[in-house]
Amino acid sequence: MHNLIAPSILSADFGNLERDCEMINQSKADWFHIDIMDGVFVPNISFGMPVLKSINSYAKKPLDVHLMITDPDRYIKNFADLNAKILTVHFEACIHLHRTIQEIKINGMKAGVALNPHTPVSVLEPIISDINLVCLMSVNPGFGGQKFIKNTYNKTKELKRLIQTKKSNALIEIDGGVSNKNAKKLFDLGANILVAGNFVFKSEDPKSAISNLKSI
Ligand code: DX5
Ligand code: ZN
């Protein structure tokens, strides 16, 4: 699986959620990227279950749910019930990461692990074979529209190497500041999924912004 695009709903117009979800349905996007923030793990609160329920009622593509919350174990079942296909937790938020990953899988979802920009790829070495997706944060999580951190290129390369060495099937997702300026390099270095919020939703024609990324 490669070159997937996951527009981030965080940058959508919440007063026109149905319209924006329909735009993604009609576009070349592959997944819906859903950012859940609790105001504790990150300095922002996004939205919770009722909004996700609404998104799920419109979305016709897999829901890729990115939890930026402390103690995510409490809500694994809720997100499974809300139809999350991929559930990504933060390495920095999980004391018993191995158990959390098993719980996500037991609940029928693919397990993702996200790394903050300062967290080295090497922390995943003992667990990479259990993970379905690694999300490399290319901004400090909490807000859309931030500047891409260039060290992500090195981390992508390193992660690709780790995945190959350990014969893991984990997919590489890049999240934050993605645009048509860095997409090609990221795909070339081994990224499988690019998340894009502002680049899609702040463009004049979001559907062609998605096609633009998809065709890279
Ligand atoms: C940041 C979120 C991202 C964000 C990406 O904390 O995890 O998914 O919505 O938005 P852009 O593409 O605008 O950086
Ligand atoms: Zn995200």
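Of the 60 residues in the largest nonpolar core, Ile9, Phe32, Ile34, Ile55, Val65, Ile174 and Leu194 touch the most other members. A nonpolar core is here a set of buried Ala, Val, Leu, Ile, Met, Phe, Trp, Tyr and Cys residues joined through side-chain atoms within 4.5 Å, and buried means under 20% relative accessible area, with exposed over 50% and partly exposed in between (1.4 Å probe, protein chains only). Apart from this core lies another, of 12 residues, among them Ala6, Leu133, Met137 and Val139. In soluble globular proteins, nonpolar side chains tend to be buried together.

The model is predicted: local features need pLDDT of at least 70 and side-chain atom pairs count only at pLDDT 80 or more, while totals for chains, interfaces and linings use all residues. Residues are numbered from 1 along each chain as its sequence is written, chains are lettered from A and ligands numbered from 1 in the order in which they are written, and side-chain values use heavy atoms, leaving out hydrogens and water.

Two residues illustrate contacts (heavy atoms within 4.5 Å), with neighbours up to four places away in sequence left aside.

| Residue | In contact with |
|---|---|
| Leu194 | Leu4, Ile5, Ala6, Ile174, Val178, Ala183, Leu186, Phe187 |
| Phe41 | Met68, Ile69, Thr70, His90, Glu92, Ala93, Asn116 |

Phe41 is placed in the loop between β2 and α2; helices (H or I, at least four residues) and strands (E, at least two) are DSSP runs, numbered from the N terminus. The C-alpha atoms of Phe41 and Thr70 are separated by 5.5 Å, although the residues are 29 apart along the chain.

In helix α1 (residues 17-26), the buried residues are Leu17, Asp20, Cys21, Met23, Ile24 and Asn25. These pack against β1 (4-7), β2, α2 (49-58), α7 (198-201) and α8 (206-214).

The zinc ion (ligand 2) is coordinated at 2.1 to 2.3 Å by His33 (NE2), Asp35 (OD), His66 (ND1) and Asp175 (OD). Donors are N, O and S atoms within 2.8 Å of the metal (3.2 Å for Na, K and Ca); water is not among the atoms, so sites may look incomplete. The six donor atoms subtend angles of 69 to 170°, which makes the arrangement octahedral, a class requiring opposite donors over 155 degrees apart and all others between 65 and 115. Asp35 in strand β2 (residues 32-37) and His66 in strand β3 (residues 63-68) link distant parts of the chain, 31 residues apart. Both Asp35 and His66 are buried.

Conventions:
Four donors count as tetrahedral if all angles lie between 85 and 135 degrees; four count as square planar and six as octahedral if opposite donors are over 155 degrees apart and all others between 65 and 115; anything else is irregular.
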